[in-house]
Amino acid sequence: MSADFLYGIEVVINGLMAGVLYALVALGFVLIFKASGIFNYAQGVMALFAALTLVGIMEGQVPFSHLINAVFGTEIHHFGWHVPALLAIAMTLLVMVAFAWMVQHFVFRHLVGQEPIILFMATIGLAYFLEGVGDLMWGSDIKTLALGLPQGGSLWVEEATQGLGGDDFYGFFLDKLDMVATVVAIVLVGALIAFAQYTKQGRAMRAVADDHQAALSVGISLNYIWVLVWSLAGLVALVAGVMWGAKSGVQFSLSLIALKALPVLMLGGFTSIPGAIVGGLIIGVGEKLFEYLIGPMVGGATENWFAYVLALIFLVFRPQGLFGEKIIERV
Amino acid sequence: MLYREAGDFKTSYQADSQTFPIAFDRYRYWVVLAFAFLVVPFLINDYWANALLVPFLIYAIAAIGLNILTGYCGQVSLGTGGFMAVGAYACYKLMTSFPDVSIVIHIVLAGGITAAVGAAFGLPSLRIKGFYLAVATLAAQFFLVWLFNKVSWFYNYSASGQINAPERTVLGVAVTGPATEPWAQYMICLVFVTVCAIVARNLTRGALGRQWMSIRDMDIAAEIIGVNPLKAKLTAFAVSSFFIGISGALFFAVYLGAVEVGEAFGIQKSFLVLFMIIIGGLGSIFGAFAGAAFLVVLPVVLKVIGVDLLGWPTDLVAHLQLVIVGALIMFFLIKEPHGLAQLWRLAKEKLRLWPFPY
């Protein structure tokens, strides 16, 4: 095999691993959209907020310290303890559940029955709000997330594949963190699907997704289910935030992964969990391959827009996405 | 008392279909215009022009443009920043390629070029609807910004990748470049705003505007009663992009003077203009002004209160601003989905009947 071909394979593998992460974020969108018809733009900011909270709790930061110091003229920053990672993750989950409850209670309960586009704009407002709150609570400086996850390239893969394509091929370069993230994402996706299929809450969730009124009439509490899906989305956001945060530091750009997940959704369809996964993989591989093959010809950095254009072209031929429900229009 | 139709007899068809049917509104309109054209230019100073009035006027044009597309035609667009960038770069290329032609013509032409680009990106709207379209317009946003970053022809191969507005004059007065007086900046923006608002208002009252609104309310029903969706949607995209292009050209040439595309016309700008029309009111020209004024004034007020009065650090105030804007958006959507314009409409209804409750 020639070295060029092998490099192509390396790009595809890296693309698949990036795609799994996109799929993870997209999954958070699909969960909320299916259950409540809300297209949650704030998903990316939720990931940022979850990662910020996790770091803040682990470091023992005082929430809102910046604000408190400015108002009262004090000089407090840290409680002076460090929380072990697992405990901190549990506490962050609690924060995300509380957040889910508040979102449902203060915002979306009052917007039931509004047009979908109004709900969408409300989530944009929510994204701004949450971004501001996250910065106020924990400060806006770039933080490192030290969970002890493996970093750097995997020597094992590199050595095992060395020499496949002749002497000038140095073996595949795969990031250990990406590999861990892929495994975690696959486990999480499996767990979510199992949850939706085999538990009582999961069944109730699917019932709500099918038909709100029918679900209400058999005694399912919509309020409860909506808090549940927002909490699940919070969990997905936390995992996504941890993975991306460990990779590139916890900072504002983390919230932009939401924008990366949008074309994934368009491709896979807003209402389909398998669609989110397949769409994520297609986008991940597609943009990496495009950048590898065409990118150098047009000046690079095509990853910013390629996914959108791909999704756009795709949608023109199949407006409901790959696995989306067929759009039936009535007057 | 004064705010009545009673006694104001319309004797011709023209008088009956005028923009402001109530006499008080007509006088108010002329008073506001006279104040803006004859009084403000003599009072304006550098701070007022740069912090408040010029950005307000420019964002008002962008908000009118987006309101035509989103508020009147119901097509949500998140590509406003990208289209503003098209206007800015078109204006820059025209200014540097044809230095002898008046800048006013350049700005209008830049609007025309943006209209063509906007119509091209509007083509998918015939197949794609709702959220899918909103996300599809993001393709325009990211692709256009990337294009202006990567293709050096657009910024005349300058080393910094920035575009700088050369000095141009209108009637012998400099309106772009570093030597511009604040009142000249203000006046050129004001002229464009006035013309754009009048054009937009009359377009939305006419046959075209009614077609847009019928597409917004229910596109299939509109198609059945004989509205051509191709024509209605593409004209909405084109007209909307025309205004947005003009505002982008003014934003670059008159307001900032030097632009780096990712910074000035990023996705944040798209959201900002979208927020303006939500807070101001979807489907209302007055709403575009109200929303633009609100979101231009709010950061300045917060900065004055937070930084100057309370002495808080600037980054803290910036974060608080995010929280407040986000909370306000949600508050408005819950309490008054039709925005400030609806409050204004309600107030007018009350005034008409005053002092009787009904």
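## Where the chains meet

Two residues are taken to be in contact if their C-beta atoms, placed from the backbone, lie within 7 Å. In this predicted model, the contact between the chains takes 42 residues from chain A and 37 residues from chain B. On the side of chain A that touches chain B, at least two residues each are supplied by helix H3 (65–72), helix H5 (116–138), helix H11 (257–268) and helix H14 (303–317) of chain A. The largest share of that side, 16 residues, comes from H5(A).

By residue type, the side of chain A that touches chain B divides into 31 nonpolar, eight polar and three charged residues.

## Helix H10 of chain A

Helix H10 of chain A covers residues 222–248, and at 1.5 Å a residue its 27 residues should span 39 Å, which agrees with the 38 Å between its end C-alpha atoms. Because 22 of the 27 residues of H10(A) are buried, this helix is largely enclosed by the rest of the structure. Just after H10(A) comes Gly249(A), which takes a positive phi of about 85°.

## Chain B as a whole

Chain B contains 15 helices and four strands. Its radius of gyration is 21 Å, close to the 21 Å that the globule rule gives for 358 residues, and chain B is therefore as compact as a globular protein of that length. Along its principal axes, the C-alpha trace of chain B spans about 65 × 55 × 45 Å.

Of the 358 residues in chain B, 46% are buried. Among contacts in chain B between residues at least 6 apart in sequence, 75% join residues at least 24 apart.

Note on methods
Residues are numbered from 1 along each chain as its sequence is written. Chains are lettered from A and ligands numbered from 1 in the order in which they are written. This is a predicted model: local features need pLDDT of at least 70, side-chain atom pairs count only at pLDDT 80 or more; totals for chains, interfaces and linings use all residues. The expected span of a helix is 1.5 Å times one less than its number of residues. A residue is buried if 20 or more other C-beta atoms lie within 10 Å of its own, exposed if 12 or fewer, and partly exposed in between; C-beta atoms are placed from the backbone. Ala, Val, Leu, Ile, Met, Phe, Trp, Tyr, Cys and Pro count as nonpolar, Asp, Glu, Lys and Arg as charged, and the others, Gly among them, as polar. The radius of gyration is taken over C-alpha atoms; the globule rule is 2.2 Å times the number of residues to the power 0.38.
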